[in-house]
Amino acid sequence: MTNNQESTTTSVDGSLLSLDKISSSYGPRAAIRQVSMEVKEGSQVCLLGPSGSGKTTILRAIAGFQRLSSGTICINGAIVSNPGYELPTEQRRVGMVFQDHALFPHLTIAENVGAGLRKLTRNRRRKQVLELLDQMGLGAYSERHPHELSGGEQQRVALARALAIKPILLLMDEPFSSLDLELRETMTQEISDFLKSNNITCIMVTHDQNDAFAIASEIGVMRDGQIVQWDTPYNLYHQPANRFVADFIGNGVFVEGTVISPGVIHTSFGELQASHPLELASGTAVEVLIRPDDVVPSSDQQILAKVVRLAFKGAEILYTLETELGGVLLGLFPSHTNYSVGQTIGIQLEVDHVVAFRRLSD
Amino acid sequence: MVAVALMLKPNLWRWNWWTLGAVFLAAIVSLPIIAVFGFAAQPAPDIWMHLLTTSFPFYLRNTFVLLIGVACLVALIGVSTAWLVSMCNFPGRQIFEWLLLLPLAFPAYVIAYAYTDLLEYAGPVQSLLRLHFEWSSPAEYWFPNLRSIGGAIILMAFVLYPYVYLLARSAFLTQSVSTLEISRALGRTSWQTFFLVSLPNARPAIVVGIALASMETLNDYGTVDFFSVPTLTAGIIDVWLGMGSLAAGAQIATMLVFFVVLLILFEKASRRNRRYYQQSSSRYKPLPTYSLNKWRGALAIVICGVPVVCGFLLPVLVLTRLSIIYFSESWTPHFQKLAANSLTVSGMAALLTVALALFISYSRRLQDGKIIQISTTFATLGYAIPGAVLAVGILTPLGFIDNAVDAFLQKHFNLSSGLLFSGTVAAVVFAYIVRFLTIAVGQIESSLGGVALTVDMAARTLGYSARSTMVRFHVPLISGGLFTALMIVFVDCMKELPATLILRPFGFETLATHVFYFASDEMLGQSALGSLTIVLVGVIPVVLLCHLVVRSRDKSPTRLR
């Protein structure tokens, strides 16, 4: 009964999920506006954005918890939501993982994971649950209750419970936010590997770019209810579409400059050569994004800079550098460059991906 | 980001059978409340003229005096005891914290019977006095007449003060420590701090407590009837049972509703102010308490001890003594039958009320549209409506339905259905549901509030419908809250007197009506076993409440010095 979509044929463009210009609001406040996106089967994508940007609303709309004021959501080519219709959540076969795990506290781990398998016989259910728990390294916990488990274990149970129903689509809402930093890194790796090797289509929502980079092959950056850039992590970092994305993803500083010829920008640190022509006319005043990894130590003293702050990151050190010319740069150098605060060093810029935005006259 | 995620309430269901069902049930429950006003619009001039010139002024005066008297006295007892147990340190404080709740188990009419037995001319107190002073007739000495409006005020205050105590206590416990400290640092004495800082801060909570106690006062019939100080409630019942006029009863009922509306407005107004008074910061800092010296400690024990002794221990002793003396006369098959009646009617009403409350609360959780919120809010007004008014409001539509069904059957099938609802147990159960739905909804909504919405969402993605999510997950998760609601409603139904008196089928008796009729016939001894049973059953939800109070003590004062 769970799979009574009118059609199970794949849509023309081959995507498992497609959102077509969906909008939704909470009372008078628009939460998402005209959002469109496509997710291919077997891909892991992420919606990344600050709180209140509407990413959770999209997830809820896909799950069927949020009414649309316009637009259409299709799963496998069949309409599941539009402004006049919603296929009930329980018939959508989407798995969902929550920030607070939302395990059923009165049930054991095995019962939690088996909760979605009501239609199977007792024995088959038990067998499937135990297989899944073993696969996720939870075999020993099947008879315990959620409160006896650590945060990471609870999270794996929540994932197992969502995957047990063999969902068409897995939705994860800030799944790692409640975990501490150390656990978070191992968990994201673990879960990423699991999703990829099992070819599970997944949409994750997060405000943490590290989580997003670890899980997703494609990321939609959200702001004020809209997706402002949909791209690979690499491109988001190196070719942000606008200033907001450039600011939100990664570190970096903006340096003033002027376009002097197609692909060449003059800055106080010298001329920067873009690998591809910029769509900015010569003479345009611009801001150029300088990432910490664009700044490298240099022995030829091309640019002199004073170390004003440093943050030790283990293998690397992030230096805040005040250049002679007055601008501040961030530099991420290998850890063996052990400069101290106040020291003056030589640096140079090695910008492989020149990112420049038109400077707003103010 | 967490806060935002919680604010955004997802839509778990749209306009559907849940919503329709909840709105429909809410409408049915609201029917009696609407009917009272409708009926009052119909004229009954003859009876009015008679009433106006005879008893009506007394009803009005008594109601007014009783309300004011009880309000002042419950405020005095409730606030002083709450202040002592939450802000001062004296021997026995922790025991008094929950002992002070016990009088809640007494319906006012039962404590009235107990004290009448204790203090009447032939009772043990006056007999002892006469023996000791060798008086032989009532002319030789003065003894206060308990069966007066003063007596009614004092006795009602002794069983109703816990409403003020409970709310004032929690207000004192959550007050801002820094404000207190600043006040003390500025050189105010502890008395000045109390009157200038703590009392204004707790005022909204105290007003709510007084409003609740006042509603109970308006609802009372047993006491005022027994003490012959007829109020508006007594007026409704006298007019209905004595003169058989529903219209006049309904008109007195609307007068009474006017008092209730005033109380509700009063209460709402102070709740609105509450926001400005309470600061959430530093809420969890322990309160500094005053250590009382020997004499003051003894005084505190007396102040807290008197309400407990007078409101619970002494009347229980009196009733126990009487029950033992009259046991063979009281413990009859008839008594067992009416105890069983009480049990079944109250049990049935409690189960239905809790089921309905669960349905309404869960529908409100699924959908926060305006229509469902307004209609269900209206349906939970029943608690404010005195039982006698409610009974009048129920008789009217039920009589109408009965007549309509009967007429229909007569016309088409030549059959007579007679009275289907009015004058049946169904009417009594319905009255209990309307009156006590508020309590059940409040309890269940706060329990449901403790279950994260993500649990609902998780269950729905796992293939459970809205209904099976409730049955499989919410019901087990809030079973404690459901049980508490069931117990509180059950006991309130058992104690309920005025609506039961008006609506019960001929010859059908419950413990409450039995006790009432025996007492009216001055057979207090024979009624004692019934009274004691009501009180002992009434202790159950009070114990549940005590449990909550004791648990909340984590936040209660710890000594700083």
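# Reading a two-chain model

Q: Where is the place of A:Ser275 in chain A?
A: In this predicted model, A:Ser275 sits in the loop between β14 (270-273) and β15 (285-290) of chain A.

Q: Why does A:Ser275 count as exposed?
A: Count its C-beta neighbours inside 10 Å: there are 9. A residue is exposed if that count is 12 or fewer. A:Ser275 therefore counts as exposed.

Q: Which distance separates the C-alpha atoms of A:Ser275 and A:Leu17?
A: The two C-alpha atoms are 35 Å apart. Along the chain, A:Ser275 and A:Leu17 are 258 residues apart.

Q: What makes A:Glu174 buried?
A: A:Glu174 has 23 other C-beta atoms within 10 Å. The cut-off for buried is 20 or more. So A:Glu174 is buried. Its place is in the loop between β8 (169-173) and α5 (181-197) of chain A.

Q: What is the phi of A:Glu174, which is not a glycine?
A: A:Glu174 has a positive phi, about 45°.

Q: Is B:Ser228 buried or exposed, and how do you know?
A: B:Ser228 has 12 other C-beta atoms within 10 Å. Exposed means 12 or fewer. B:Ser228 is therefore exposed. B:Ser228 lies in the loop between α11 (222-226) and α12 of chain B. Its phi is positive too, about 55°, although B:Ser228 is not a glycine.

Now two helix pairs.

Q: Which two values describe a pair of packed helices?
A: The angle between their axes and the distance between the axes.

Q: At what angle do helix α16 (residues 333-366) and helix α17 (residues 370-379) of chain B pack?
A: The angle is about 155°, with the axes 10 Å apart.

Q: Why are α16(B) and α17(B) described by the term they get, and what is that term?
A: The angle is about 155°. Angles over 145 count as roughly antiparallel. So α16(B) and α17(B) are roughly antiparallel to each other.

Q: Is the crossing of α16(B) and α17(B) left-handed or right-handed?
A: The crossing is left-handed.

Q: Which residues make the contact of α16(B) with α17(B)?
A: α16(B) brings B:Ile360, B:Ser363 and B:Arg364. α17(B) brings B:Ile372, B:Gln373 and B:Thr376. By class, that is 2 nonpolar, 3 polar and 1 charged.

Q: Where do helix α12 (residues 232-243) and helix α18 (residues 387-413) of chain B stand relative to each other?
A: Their axes come within 8 Å and cross at roughly 40°.

Q: Which residues make the contact of α12(B) with α18(B)?
A: From α12(B) come B:Thr233, B:Ile236, B:Ile237 and B:Trp240. From α18(B) come B:Ala388, B:Val389 and B:Val392. The contact has 6 nonpolar residues, 1 polar and no charged.

Next, the cores.

Q: How many residues has the largest nonpolar core?
A: This core has 166 residues. Those with the most contacts inside it are B:Val74, B:Val164, B:Ala168, B:Ala431 and B:Val489. Helix α8 (residues 149-173) of chain B gives the most to this core, with 18 residues.

Q: How many residues has the second core?
A: The second core is separate and has 105 residues. It includes A:Ile32, A:Val39, A:Leu48 and A:Val129.

Q: Leaving aside neighbours within four places in sequence, which residues are in contact with B:Ala431?
A: They are B:Leu390, B:Ala391, B:Ile394, B:Ala499 and B:Leu503.

Finally, the chains and their contact.

Q: How many helices and strands are in each chain?
A: Chain A has 8 helices and 21 strands. Chain B has 25 helices and 2 strands. Of the 362 residues of chain A, 43% count as buried. For the 561 residues of chain B, the share is 48%.

Conventions. Residues are numbered from 1 along each chain as its sequence is written. Chains are lettered from A and ligands numbered from 1 in the order in which they are written. This is a predicted model: local features need pLDDT of at least 70, side-chain atom pairs count only at pLDDT 80 or more; totals for chains, interfaces and linings use all residues. Axes are lines fitted to C-alpha atoms, for helices over the stretch in contact, and angles run from 0 to 180 degrees between N-to-C directions. Helices (H or I, at least four residues) and strands (E, at least two) are DSSP runs, numbered from the N terminus. Angles under 35 degrees count as roughly parallel, over 145 as roughly antiparallel, 65 to 115 as roughly perpendicular and the rest as oblique. A crossing is left-handed if the near helix is turned anticlockwise from the far one by less than a right angle, and right-handed if clockwise. Two residues are in contact if their C-beta atoms, placed from the backbone, lie within 7 Å. Ala, Val, Leu, Ile, Met, Phe, Trp, Tyr, Cys and Pro count as nonpolar, Asp, Glu, Lys and Arg as charged, and the others, Gly among them, as polar. A nonpolar core is a set of buried Ala, Val, Leu, Ile, Met, Phe, Trp, Tyr and Cys residues joined through C-beta atoms within 7 Å.
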